[in-house]
Amino acid sequence: MLTYERQREVLRQMRSRGAGKVNELAEAIGVSASTIRRDLREMDEQGLLTRVHGGASLLDSDVESSFSSRVTEHEAEKRKIGAAAAELVLDNSTILITGGTTTDSMIPALASHQGLTVVTNGLNIALSLSRLPAVTVVVLGGILRPGELSLLGPLGERTLEEFDVSQAFVGAYGVDASLGLSGASVHEASTDRRMLSGLSHIVVMVDSSKFRQRGPVRLAKVEQITTLITDSQAPTNEVESLIAAGVDVRLV
């Protein structure tokens with residue numbers, strides 16, 4: 001295998017995993033660990049990935065597709081997931097909805113709720129909620145991440161501490177029954193982890209495609225997940241493992 005062919009295969013393997021460890025990549029491709037280390041070093045210098053201890057992670061732009069393109073991906077499944085998530089929302093409660101296209105799908109179904117306050121770091125979520133005058137919207141501050149329309153950083157994290165959030169509705173780049181939720185951005189990880197820490201009721205909203213990919217950073221452990229809503233195409237073994245771990249899995 002020529003160098004460029006091997007390095008292309010390295011990227012393919014990493015895109016399917018979200019990241020890559022030297023030994024795992026070496027075994028998958030059938031070369032030595034020293035060869036993989038050399039490839040990762042060269043690819044880091046070329047700006048194709050980021051070298052980290054023990055392996056490498058993909059650049060955010062490589063892992064994530066654009067926000068606008070993701071809006072139409074798995075659209076029917078997201079509508080069903082959003083409707084099911086909205087059924088869990090109680091009137092006169094304060095909830096957190098993180099930014100994302102799947103979480104945005106629950107907004108239309110919130111129109112009939114009374115006395116609802118929504119805290120969010122997603123500008124797309126805030127815009128969708130602006131069409132529901134009965135809902136009080138609190139936008140967390142922070143640094144704008146344009147590709148995701150989300151606000152990040154300690155400003156928003158501190159603001160969230162001022163609210164008694166009863167439920168959090170979150171999406172994820174990837175979900176794994178043993179590892180939990182993973183994200184595509186190392187920049188976003190700190191804010192997402194902080195927002196989810198200490199919350200007693202976390203509802204994860206993911207379509208079945210998220211079970212087939214893994215991001216480079218962990219956002220939440222399985223034990224933190226209260227409910228997971230996904231479509232009926234989710235892998236049976238993953239669903240069963242999540243249920244065994246105490247997660248309320250709802251297929252729509």
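Strands are DSSP runs of E with at least two residues, and helices are DSSP runs of H or I with at least four residues, both numbered from the N terminus. The model on screen is predicted: local features need pLDDT of at least 70, side-chain atom pairs count only at pLDDT 80 or more, and totals for chains, interfaces and linings use all residues. Residues are numbered from 1 along each chain as its sequence is written, and side-chain values use heavy atoms, with hydrogens and water left out.

**Stop 1: threonine 120**

Select residues 117-120, which form strand β5; threonine 120 is part of this strand. Is threonine 120 buried or exposed? Threonine 120 is buried, at a relative accessible area of 0% (buried is under 20%, exposed over 50%, partly exposed in between, with a 1.4 Å probe and protein chains only). Now show its contacts, meaning heavy atoms within 4.5 Å. With neighbours within four places in sequence left aside, threonine 120 touches Leu96, Ile97, Thr98, Ile125, Ala126, Val138, Val139 and Leu140.

**Stop 2: helices α2 and α3**

Select residues 22-29 for helix α2 and residues 33-45 for helix α3. Two packed helices are described by the angle between their axes and the distance between the axes. Here the angle is about 110° and the axes lie 9 Å apart; axes are lines fitted to C-alpha atoms, for helices over the stretch in contact, and angles run from 0 to 180 degrees between N-to-C directions. That makes α2 roughly perpendicular to α3 (65 to 115 degrees; under 35 is roughly parallel, over 145 roughly antiparallel, the rest oblique).

Show the side chains next. From α2, Val22, Asn23, Leu25, Ala26 and Ile29 meet Ala33, Ile36, Arg37 and Leu40 of α3. By class, this contact has 7 nonpolar, 1 polar and 1 charged residues; Ala, Val, Leu, Ile, Met, Phe, Trp, Tyr, Cys and Pro count as nonpolar, Asp, Glu, Lys and Arg as charged, and the others, Gly among them, as polar.

**Stop 3**

Select strand β2 at residues 49-52 and strand β3 at residues 55-58, which pair in the antiparallel sense over 4 bridges (pairing requires at least two DSSP bridges between two strands). Valine 52 stands opposite glycine 55 in β3. The hairpin has 2 residues between its strands, and glycine 54 takes a positive phi near 85°.

**Stop 4: a sheet of 3 strands**

Finish with the open sheet ordered β10-β11-β13, where the pairing is antiparallel. Its edge strands, β10 (174-176) and β13 (217-220), each pair on one side only. Neighbouring strands are turned by 40° against each other on average, direction ignored. Strand β11, residues 180-183, joins β13 through 3 bridges in the antiparallel sense. Leucine 181 is opposite alanine 220 in β13.
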